[in-house]
Amino acid sequence: MKYGYYPGCSLERNAKAYHQSAMAVAPLLGLEFVEVEDWNCCGATEVIAVDQMAAYALIARNLALAAEQNGNGHLVAPCSACFLNLSKADHYMIESPELAEKVNTALAAGDLHYEPGTVKTSHLLQVITEAVGLEAIAEKVTKPLYGLRVAPYYGCLIVRPGFEKKYDDYEYPTVLDDLMKTLGSEVVDFPLKAHCCGGHMTQISEPVAMELIRRLLHNAAEYEADLIVTLCPMCQFNLDAFQDNVNKYFGTDYHIPILYFTQLMGLAFGLSPDELGIGTEFVSARPALDKILSEAPTKEKPKRPPKEALPMPSLGGEG
Amino acid sequence: MTEQFEPLIIGFTCNWCSYRAADLAGTSRKQYPPNIRLIRLMCSGRLSPEFVLKALQGGADGVMITGCHPGECHYLEQNFKALRRFALLKRVLAQMGIEPERVRLVWASAAEGVHLAQEITDMVEAVRALGPLDWAGVASNGSAHAIPAAEIVGEEVSA
Amino acid sequence: MVRCPQEIHITDIMYTLKRKAIAEGYYRESTAADAPGWSETYIDFVEKYGRSFELGLMTRYHLRHHPLDMYKMAPMGLGMLRKGRMDLTPTRIKGIKQLQAILNKAREVGGEL
Amino acid sequence: MTEERIGVYVCHCGSNIAGVVDVEGVAEWAREALKDRGVVIARDNKFMCSTLGQELIENDIEKEGLTRVVVAACSPHLHEGTFRTACQRAGLNPYLCELVSIREHVSWVHKDKAVATQKAKAIISGGVERVALHEPLEPLHVPIHSSTLIVGGGIAGIQAALEIADSGYPVYLVEREPSIGGHMAQFDKTFPTLDCAACILTPKMATVGSHPNINLLTWSEVEQVDGYVGNFTVTIRKKARYVNTDLCTGCGICEEKCPKKVVDEVFEAGLGYRKAVYTPFPQAVPKYPVIDVDNCTYFEKGTCKACEKFCPTGAIDFEQEDEVIQVEVGNIILATGFDLFDARRISQYGYGRLANVFTSLEFERMCNAAGPTNGEIVLRDGVTKPESVAIIHCVGSRDKNYNNYCSVICCMASLKFAHLVEERTGAEVYNFYIDMRTAFKDYDEFYQRVLEEGAHFVRGRVAEVTDAARMPGEEGKLIVQAEDTLIGKQRRIPVDMVVLAAGLEPRHDSKEVAHKFGISCSANGWFIEKHPKLDPVATMTEGIFIAGVAQGPKDIPASVAQGAAASARVLGRIQQGEIALEPVRASVIEERCSGCRICNNLCPFNAISFDEEKKVSVINAALCQGCGTCVAACPSNAITGTQFSNEQVLAQLNGLLMLNVANGHGAVTEAERVPA
């Protein structure tokens, strides 16, 4: 399966490990990613905060280039902010012909045109879990991540495009959980899985950012996670690069490595840590990865609830 | 300044859903353009294609056919027959050179007054944009009168 | 929108309010509400190079707005460089002129939806 | 040019019409412009539907010899009957009267007076043209079968069944579950009086079970409905109970001996267990158990039969099969109730994930002295008493993401819960609400009482329930986060237990049921009544009535009232012995019928057959529902429909297009099209 690929600014440098591991894993799953040539920044959350039309024009240039260069119109973005911006701009242009016209007037200044709806943007996680599917992934697993306790962290942007279709579950998504279980790891409950990492607040308001990051680290530590797995460069950066700052700020002592899901996939597929950019994180993942067992841990039989306990609600719906 | 063209639309409603939707638009005071005049039938299945042609011939610029949603017909499934006839009617109109936007099929349940009002508003604007229907031109150019209603319903044997 | 029972896109409203606040000058340089400084610095880089540039962004923003906080950022910046996670020079896209023309036109068209 | 003498009556409807339409002007115009269309009188009146207005028409018919009447007023769905009856009183066939709507379709939807007035004229012109071609018709009279089918054995269905049965007429009461009682049987106390639900319900259930006029069919479902008002044939599937009810004494030994315990998702709302052979609760009516084949060890593995071994009367019958029966009834009442909103859908409230989040129905069972905890309010561990409880209102209600409507009962149920928690545990109670809705008798007094008891009320929709502690004092608790909109602050309130006041939803299969019975559902899925105010228990389909929550969320008193109301309507019908049907029917003009049989397959009511001898199609007037599809389909114009003939429809069309108006013979002038 061939996809247009929109890496986004972060994956060029800061989140190079994400790019590297995605590119290492993709061919094993029969995915071919062709980078959109000469793409530009999606504007993150900043351009839209100052000038709406410039923000949409900035995004639409990428959509126009993707449509021009890539036949099937399917674009994949590994960064949640890029994914949200690209799909949101397309959606609003479909919804409002007036916006589409204005954006195209701007694009025309660069000899470009974009017909709303021609490019469908997916997040990398969606492509991997939906187009490839967990069964096919399970077949590729050669070194299961037995014994590794993983906190799946989705962040707030990937679950947000409520305008398109319900992404798994806005509030309590589980696709990444399922993927991690497929890789053999143990997934811990992580109630804050879709909460905000602070975004650019680290630069703008330290107290706000530090508290948001602390909550997430605290929550993962509370559930005894060996590491947090992410799917967004911003989340990885804030939790990883600022972990030391948080420890200093609050006098805490967290050592929770933050890896991309593609890195863990690579490991489970038998690739070496170096091929996957493992080692570029601030909080080293080595101690956590050393805990991986060669055999599946014997599952403790779930303790029978005491006789007087009331049954938990069933997982399915009523009737 | 030229005066805005005010199209005249004839709307056929069924007794159970869409006429009640129009009633509901009224009771909820949902405003829509006054360009539509409604005729109540018992069911959209009652609509003879002839009615549509006669309406256009008689001066209407557009016709809106409305009924219950598919699967919600008071007469179980008769609106599906309206749907099939509508498809044939569109073909005939196209052959006559009448813009397809002039005849619309709209489903509206008795609870969808707002929806019906919106559809009426949209249709009035669409037909306004098309301008007046030149029936005389259509009639001389095509063969409007030569198409008997029977031919249009003739394909219905398979129903 | 997700939690709002009236399906209001709350983030869109927040962006709209932020744009209006910036446009009307309702913010203070010295508090957390000085977000336009960050946004504007960010936009400057995107306009100039077509992509964001972390080192430049951080240094310029902090020099302009929080010069005293620079020392806090320094160790992390060095770490970034050491881990190969930050460039010393920005990348400029090939079609930067085209992008600038598009952005200029967009501003000219302007308007809120 | 018509020979008819037509009277036109334009209603002011107070200012409802007259405020927008120049009614005097319209009447004057009709008098002049429609003179050569047969209009001899045109009047306007403040309220045409009033006695005075009706007498006006009656007088004119008698004194002026009117042969046709057009009333321009409200929707025919409101007052068509009124004016037809008035005509009939004056000796004019009621079907020679036409009501055209210039209120719902004109004055209420348009503001421009000139345009609205012009449109009103066109509509009257259409009515005049059409009515001139109307024929006098006689209604069809069909006998009414004296039996009634009631679907649903909750409190609404029980009430309806008893009212009819007590009046001496036979009732078939069909219930899907093994016992009647419905949701009310699950409740502990009922608001606002706090009398015990079982104490007031079970005597009624017992009466139903032993009533000589009630044929109780539990563990049964309606499969098919044929026929029409007065003469329905209903096919009912009696699901196999695997218990011979002739032999069973209801002793309960089978249930005691059954080794298989499963969570009871229906009656206990998932909070308790039952056996694979079970009666849902001790006071069940009928008392006979059923075997749940999905969980029975014998049906799964082929061995066990413990129940059979121990049954003292040999009533267990593993070979029993479903039985399909047909019954003849004259009327049907649907009282199929509701499903509880599935709180798992709002994942931020943690139901199913966080142990101590409960739904309102689970909480009802918990409070019930006969429930899984014997009425003790405890956490999921079954032991610990909560020291603080949060009750979240509007779960799945008043929310565009789920259901837009208010579920009506949750505010009062939540207040009841708050009271019970205070009374039984002394715990702090926090109610999170959007608006408190305590309408109806003694309800607000109950709210005041709960306030005085010390329950806390936070006005704000809860954002989330989480176990992720953030601040001291939150560890090990469920934290309820909400904006308190009265103080304008975010609040995080740690509690031990959360109760979700889940909303009411139409039954998951309400659309299929509606289709089966030929009635309509609203977009939400509730059954649609004939008129929201004036005819709340009838439906658009003659002979089918609705009662209880199936029609929309309501509490027990309202459900009982509707059950009684529906039965009163049915009894009225039965006592008349026959019913007059609208004579809107299709018929075949034999001379024109070519015998092509195109129409034969078009009729969903099988009203059209083919006469092999005469080689023409024939329509059965009693089966014909008057949709007119065959009229439109006949290639030889050999089928005509009363009240909706081609001529009548086309005449109305010409009238609407103002083709026949005196001042514009033939052509429509620009001014008459639609004035700008």
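**Figure 1. Buried residues of helix α11 in chain D.** In this predicted model, S360(D), L361(D), E362(D), F363(D), E364(D), R365(D), M366(D) and C367(D) are buried in α11(D). The helix spans residues 360-367 of chain D and is mostly covered, with 8 of its 8 residues buried.

**Figure 2. Packing partners of α11(D).** The buried residues of α11(D) pack against strands and a helix of chain D. The strands are β14 (272-275), β19 (338-340), β20 (357-359) and β27 (497-502). The helix is α12 (410-425).

Figure 3. Chain D contains 18 helices and 34 strands. Its C-alpha atoms fill a box of roughly 90 × 70 × 40 Å along the principal axes. Among the 676 residues of chain D, 53% count as buried. Of the contacts in chain D with a separation of 6 or more, 70% are between residues 24 or more positions apart.

**Figure 4. Confidence along chain D, with residues 664-671.** The average pLDDT of chain D is 93, and 97% of the residues score at least 70. Over residues 664-671 of chain D the pLDDT is below 50. In the model this stretch has 9 contacts beyond near neighbours in sequence. For the complex, the predictor gives an ipTM of 0.78 and a pTM of 0.81.

**Figure 5. The side of chain C that touches chain A.** In the contact between these chains, 46 residues of chain C meet 41 residues of chain A. Five helices of chain C each supply at least two residues to this side: α1 (10-24), α2 (35-49), α3 (54-65), α4 (70-82) and α5 (96-109). The most comes from α5(C), which gives 10 residues. By residue class, the side of chain C that touches chain A has 23 nonpolar, 11 polar and 12 charged residues.

**Figure 6. The two domains of chain C.** The domain assignment divides chain C into domain 1 (1-33) and domain 2 (35-104). The centres of domain 1 of chain C and domain 2 of chain C, taken over C-alpha atoms, are separated by 24 Å.

Methods: Residues are numbered from 1 along each chain as its sequence is written. Chains are lettered from A and ligands numbered from 1 in the order in which they are written. This is a predicted model: local features need pLDDT of at least 70, side-chain atom pairs count only at pLDDT 80 or more; totals for chains, interfaces and linings use all residues. Domain bounds come from an automatic or database domain assignment. pLDDT is the predictor's confidence in each residue, from 0 to 100. Two residues are in contact if their C-beta atoms, placed from the backbone, lie within 7 Å. Helices (H or I, at least four residues) and strands (E, at least two) are DSSP runs, numbered from the N terminus. A residue is buried if 20 or more other C-beta atoms lie within 10 Å of its own, exposed if 12 or fewer, and partly exposed in between; C-beta atoms are placed from the backbone. Ala, Val, Leu, Ile, Met, Phe, Trp, Tyr, Cys and Pro count as nonpolar, Asp, Glu, Lys and Arg as charged, and the others, Gly among them, as polar.
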